[in-house]
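Dear colleague,

I am passing on the structure below, followed by notes on what was found in it. Please read the notes with the structure open beside you.

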Amino acid sequence: MVRLEAFFSRIAFIGTHIYEINIVTLAIGIISIVYLLLSEKYLSKLPNALIIVAVPILLFSFIDLSWLGVSLVGNIPAGLPMFEIPKIPNIDLGLIVYLAGFCFILSYVEGMGTTKILGLKRDDDSADSNKELLALGLSNISSSIAQGFPVGGSFSRSAINEESGSQSPFSSLVSALIVIIVILFFTEFF
């Protein structure tokens, strides 16, 4: 019941502070969403997600919109995270286990759902749920040591691989290498 009250109090807060919305920032968001929706239908051969990231980067590199109240993220630190055992804060351990359990179940269900859907599409029912569970557990342990977020299978990422014609996990390795290169050398552009 407490969570439901918190939800409604947040909705009420948004309603009472709606006048604080920055119109320019809202317009940028709406234009981005409309572009993504229309480009999926009319410009599907273009890398539209990349365009929607690259255009604002280029635009804001030459135009300062801070005088209109548009805030930028700021500098993104370069480099890979430090690998260390995470420190557990002094809060209710039961709450941490409760939230972690739900995150894990959600990511497992999403990952297995994605695996099953793609398997049906390819007439391949060889997905091993035990191996998926082991991979998910090891991925989350690795992510926690790297100070990362909980990880899981991504339906959108799998759909992108499927649509682009990827036939092996090698495409995920290429994507990971590109992300590492960007994190190491190109964060100043973001």
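**Helix α5 and its surroundings**

Helix α5 spans residues 129–145, and its 17 residues reach 24 Å from the first C-alpha to the last, close to the 24 Å expected at 1.5 Å a residue, where the expected span is 1.5 Å times one less than the number of residues. Helices here are DSSP runs (H or I, at least four residues), numbered from the N terminus.

This is a predicted model, in which local features need pLDDT of at least 70 and side-chain atom pairs count only at pLDDT 80 or more, whereas totals for chains, interfaces and linings use all residues. Residues are numbered from 1 along each chain as its sequence is written, and side-chain values use heavy atoms, with hydrogens and water left out.

Within α5, the residues Leu136, Asn140 and Ser143 are buried, that is, under 20% relative accessible area with a 1.4 Å probe and protein chains only. They lie on the same side of α5, because they cover an arc of only 65 degrees around the axis, taken from the directions from the helix axis to the C-beta atoms. The face turned away from this buried side carries Asn130, Lys131 and Leu134, which are exposed (over 50%).

Among what covers the buried residues of α5 is α4 (93–121). Ser143, with a relative accessible area of 11%, touches Gly148, Phe149 and Val151, not counting residues up to four places away in sequence; contact means heavy atoms within 4.5 Å.

As for confidence, the mean pLDDT (the predictor's confidence in each residue, from 0 to 100) of the protein chain is 79, and 96% of its residues reach 70 or more.

Best regards

Key. Helix = DSSP H or I, 4+ residues; strand = E, 2+ residues; numbered from the N terminus.
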